[in-house]
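Please consider the following note on the pockets of this protein.

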Amino acid sequence: MVWIKNVYLETGYEEVSPKKFITTTAEFALEVENGEIKTISQKKQENNRDTIDAKGYLALPSLQDNHIHLDKGYFGGEWQAVVPASGVVERIQEEKGFLKDFLPETPKKAQALIDLICDKGATFLRVQTNVDSVIGLDNMACIKKVLEENKHRLDYEMVVFPQHGTLITEEQGLLRSALASDDKFILGGLDPATIDGDIEKSLHTTFTLASHYYREIDYHLHDRGTLGLFEIKRIIDYTKKYQLEGKVQISHALALADGDEQTIQMIAKRLAEAEIGINTTIPIDTTVLPILLLQENGVKVRVVNDNINDHWSPFGSGDLIERASRAAEVFSMKDERSLAQAYSLVSNGRTPLNKKGQQQWPKIGDQADFLFTKAASSAHLIARICPERVVMFKGKLVSGKFD
């Protein structure tokens, strides 16, 4: 059991002048036991060996990265920029040439990425990991070992990702082997038209495997325009046919930025009905997904890191707050309440206050996963990307210190 004293929580919004709101906060003490919040109190706590002084930091829900690649990267090794390529197919061909050579250094690089992302405030990672004819299951085994070594600081999920194509990977029995090797692995998928060349066969293969092994599905969908929109509609159809509502996510879904508002709204309603979530990096080199429209229609949207300094992109700071700040800037979320709600994009939907300013986090019984920050409010953190952060996972401090 431990008490966290002198910690601030958001308590509501105050309208200080017409249309101008500020976030109100108050000092609390939190009792944590067995990794969960046991007590939330405004009584002062004295210092003792079981007390942590948060020194006035604001407590927020910890961050969750729902799409990150820890294999195939340069980060943690020697600096490398990206070799020019014409698209996804050419990138895959490039990848085939270095996968085996990368394997010996993958544990070190994966650990470097975990340190980077988790020190910024993340306590959950959904990790996309290659299964293919070149590397087989070696990357899965390697990355799982590294993640297990970090279980003191994070929860995780692993996605069996057929980067070179679902059909060719499953023809070699690799997807079945990977799913059979661990009953928690999630099944990935990739562009059924441009990579597999057969939308129906590809989707049928993925959903049949997921249904047989009782797994969730995580699709990487880069295809644009009417082709990409058609694929999204078919993923919705298959989700309902196989009764996998709430168990399917689509990452990137770039085509959602290509249709007219009425078309996207209709698709968004169907996505919400099928409980299909969308993961996006808020790309700035192409048209951005209309995340506000998606959210208004009930679609769960998460902002993610994806790849950080690998053969796809040399960019990425590992900071999900920076990603959420980009989203807020792109969509003109400038006022206090809108900025605060932008926090939900990187915290799996959790915010201290709801849109009306009612306190909804933390609650007794919640897992004690906190991002403590020297910020006046979550809105302040999103707008200014405040660097001072301390991370707690299941009641234990795992990163940073209170200054």
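1. Strand 6 (63–69), helix 1 (88–96) and helix 11 (320–330) each contribute at least two residues to the lining of the largest pocket. Helices (H or I, at least four residues) and strands (E, at least two) are DSSP runs, numbered from the N terminus. Helix 11 gives the most, with 5 residues.

2. The model is predicted: local features need pLDDT of at least 70, side-chain atom pairs count only at pLDDT 80 or more, and totals for chains, interfaces and linings use all residues. Residues are numbered from 1 along each chain as its sequence is written, and side-chain values use heavy atoms, with hydrogens and water left out.

3. The volume of the largest pocket is about 1100 Å³. Its lining has 38 residues, and Thr281, Asp285, Asp306, Asn307 and Ser313 are the closest to its centre. A pocket is an open set of points on a 1 Å grid over the protein atoms alone, where a 1.4 Å probe fits, with protein on both sides within 12 Å along at least five of seven lines; lining residues have an atom within 4 Å of a point. A volume is the space filled by probe spheres set on the points.

4. The second largest pocket holds about 520 Å³ of space. Among its 21 lining residues, Leu292, Gln295, Gln341, Ser344 and Lys355 lie nearest its centre. Helix 10 (291–296), strand 13 (301–303) and helix 12 (336–342) are the elements that give two or more residues to this lining. Helix 12 supplies the largest share, 4 residues.
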